[in-house]
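The following exercises concern a single protein chain. Please study the sequence and the model before reading each solution.

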Amino acid sequence: MNFARSSPLAPLVTSNDLDKASAHGACMSIKGGRCPIQVIVPDMTYENESRFSPVKKHGQRNVKEHNKSGNLTGSERQIKDGVADVYNLIQKWKNANSDGMHIIDTIANIKLQHVYKENKDETLQDGSIPEELEAQCTSLLSIIQKMEKIVKKLSVTSAMFVGVMKLQQHLTDDLVLFQTWTPDIFVSTVKELTEMYREEYKLKQLIYKNICHAKDRNTMMFYTSSWLHQPYITDKSHVLLESLLLETGHK
């Protein structure tokens, strides 16, 4: 703690001296508009506040704060860009799934209205594909191909996270890159998301290969429902994605 220096011409007076002088009615004269008595006031500022650090419990991980608009480099930049890629790929999947749903509905309506309507048992006997369905099946194939590319890009992004994790483990003991997550948490989160979409893609492939050949109403409704509800992409996927965005400062 630093104190301000007093003038060498003025006597040093303590608070006790002032109290005694006041009690005995002592009068301090002012000469030339200046008081010859100076009271030392301690300077409460620190020369270097950076030498003080927050209290850290034993075994507690560092929590890093990043400026959301700041320019990141190295592993932080790769991780944040990777999370953005995951988010964008999932949005593309949602758009593709929505477009595919419209095609599935069209196929189902054509089948139900024009193929099954005259059959009392609502069963297509020969399993043939009406000509008007060929264009819809071709459109559905393009959706499947888009989804395949999305899954492949998710796999590449997941591998990038693994690379960053290995690099950080080699370079430093402090593995926290953003707020509280270590690279291995990013890896497991992205891997889990990628696996969900990979399994859902396999289901989409089966639906594409069989929906135009469905022979009964119940099978057609099953394919339609499966495409809509995406059973392999659970509600947890939303939590995982939001966690990635929050941890890296995207939100």
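The pLDDT is the predictor's confidence in each residue, from 0 to 100. The model is predicted, so local features need pLDDT of at least 70 and side-chain atom pairs count only at pLDDT 80 or more, while totals for chains, interfaces and linings use all residues. Residues are numbered from 1 along each chain as its sequence is written, and side-chain values use heavy atoms, with hydrogens and water left out.

**Exercise 1.** State the confidence of the model for the chain.

*Solution.* The chain has a mean pLDDT of 76, and 64% of its residues reach 70 or more. Over residues 1-14 the value is below 50; this stretch has 20 contacts (heavy atoms within 4.5 Å) beyond near neighbours in sequence.

**Exercise 2.** Determine how many helices and strands the chain has, and their order.

*Solution.* Helices (H or I, at least four residues) and strands (E, at least two) are DSSP runs, numbered from the N terminus. The chain has six helices and two strands. From the N terminus on, the order is β-α-β-α-α-α-α-α.

**Exercise 3.** Describe the surroundings of E200.

*Solution.* First, locate the residue: E200 is found in helix α4, residues 183-211. Second, consider its exposure. Buried means under 20% relative accessible area, exposed over 50%, and partly exposed in between (1.4 Å probe, protein chains only). E200 counts as buried because its relative accessibility is 0%. Third, list its partners: leaving aside neighbours within four places in sequence, E200 is in contact with W93, S226, Q230, P231, Y232 and I233. Finally, a polar atom of the E200 side chain lies 3.1 Å from the backbone nitrogen of Y232.

Note on methods. A polar contact is a pair of N or O atoms within 3.5 Å; within protein, one must be able to donate a hydrogen and the other to accept it, and residues adjacent in sequence count only if both atoms are side-chain atoms.
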